[in-house]
Amino acid sequence: MTESSSQHPGKPEVIENRLYINGEFVPSQSGAQFDLYNPATEAHSASVYEAGPEDVDLAVAAAKAAFPAWSELGALQRAHYLEKWADNMEKCMPEMYYLDAICMGKPVNHDFFGSLVPIITRTFAAKALDITGDSSLNTPDFMNITLRQPYGVCGAIIPWNGPVPTMIMKVGAALITGNTIVVKTSEKAPLSCLVAARCAHEAGIPPGVLNILSGHGQPCGEAIARHMDIRKISFTGSTATGRAIQRMAAESNLKSVTLELGGKSPLVIWDDADLSKAVPAAARSILANTGQVCIASSRIYVHSSIASQFLSLLTATMTSLGASGDPLDPTTTRGPQADAAQFARVQSYLQLARDENIPIHLGGNPEPKPGFFIQPTILTDVPESSKLLKEEIFGPVVIVNTFTDEDDVMARANDTEYGLYASVYTRDLSRAMRAAKRFEAGSVCINCTGPTMALDMPFGGWKASGQGRELSRYATDYWTELKSVFIAL
């Protein structure tokens, strides 16, 4: 244990490692556990009970039993529970930061997304009275209405790079619409979500309404995706896993599926861009959470007339912002890759760059110290056909290519199966709006870039980056079934 670990204010006296089922913390039915290691030190962090199919069955049964009473509550009563839950989590954020740091290396004092957890929860609570249908008098002698009603028991499978925020984006929308839910957290970072479970319990959320399981994709995630009593599932993670979940949902009961998947987000920088804003934004985008962000601007296309200046400024900025350190140290801005597997994945892409003789302008190697640290890296002049431009690396690796023509750069920006996020820097408003229209992406930034988000705006991807939306007034639509009722007068 490091000195910063022993002294951190968020360090709990006891780390909760059990499953949360039917309002209680319980060990897994099998008693099996898996180990977690601090990616900054490679020291053992905790052992956690591993959920299997039998635990999924228990959690689903609890959610099914809780559904009638929860769905019949007044909307403001459900909102009250979410408000109390938000209050409790707000008090426990230092503990969640600590646990994410020792699980996947996220710096404790640089988790802006995590700080939104109570706000996101309260945002969904505020939507309680907005979940309504429509009416129509367009048919003679009829008054017709639509109803929005909850699915019933739902499932959620969340990623490791932002455990509690991504969980709340799903659970908040599911619960306020009257659903009950079973959540599988990532085996890389399950601990902070168990703190959120404790906060829900202390808020009085009834047993069975929220169930949280720690486990692997096989068998726990598959058991959720295939469960015949789960009518809706939401997943955030890789596109490959999203395809598998959609297939399993179809092979079981054709449950509704929402997917928030990967990205390979382009950032186009024109010759009239304000580089004093574009350069720091580009650097922060690829260094945030050590590049382990689905909306990171990992492909930069810069106009050839300013390419040399831009590259020089980006190199200096990434060098100054990219200093790594102990995630529990309040001065650290960049941590390690989440675990050995992610560390190896990033290194494999860097080796590919060497094999393809891609110029490595900055970095390109592991850092010479313990832990899973990768140097901030800039690759240049990468062929558009390279896997480096087509696949999500999920590390502090950015590609900088040049362009001169608008049609050409827009075609190259869209030449990927991903469509999550895209950005452009220019002072030309018409050019900016043309780009906003032409980008094949669910979110577009003009003179800003990822991780820019707003709670009242929908979030999700086009193409292989997903389907459905989270956040905003559209989010609850994806957690309700739509019913038409025809009333003869």
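Residue numbers start from 1 along each chain as its sequence is written. Since the model is predicted, local features need pLDDT of at least 70 and side-chain atom pairs count only at pLDDT 80 or more, while totals for chains, interfaces and linings use all residues; side-chain values use heavy atoms, with hydrogens and water left out.

Helices (H or I, at least four residues) and strands (E, at least two) are DSSP runs, numbered from the N terminus, and two strands pair if DSSP finds at least two bridges between them. The sheet is open, with strand order 14-15-16-13-12-18-19 and mixed pairing. Strand 14 (360-362) and strand 19 (443-446) sit at the edges with a single partner strand each, so one side of each has no neighbour in the sheet. On average, neighbouring strands here are turned by 20° against each other, direction ignored.

Strand 12 (residues 266-269) has strand 13 (residues 299-303) as a parallel partner, joined by four bridges, and P266 is bridged to R299. Strand 12 also runs parallel to strand 18 (residues 421-425), with three bridges between them; there, L267 stands opposite S423. S423 in turn stands opposite C445 in strand 19, as strands 18 and 19 pair in the parallel sense over four bridges. As for side chains, P266 and V268 point one way from strand 12 and L267 and I269 the other way, and all are buried (under 20% relative accessible area, 1.4 Å probe, protein chains only).

Nine bridges link strand 6 (residues 142-150) to strand 22, and I145 stands opposite V485.

Now the helices. Helix 3 (residues 75-104) and helix 6 (residues 163-176) pack at about 170°, axes 12 Å apart (axes are lines fitted to C-alpha atoms over the stretch in contact, and angles run from 0 to 180 degrees between N-to-C directions). The two helices are therefore roughly antiparallel (angles over 145 degrees).

Definitions and conventions
Parallel < 35°, antiparallel > 145°, perpendicular 65-115°, else oblique. Buried < 20%, exposed > 50% of the residue type's maximum accessible area, 1.4 Å probe, protein only.
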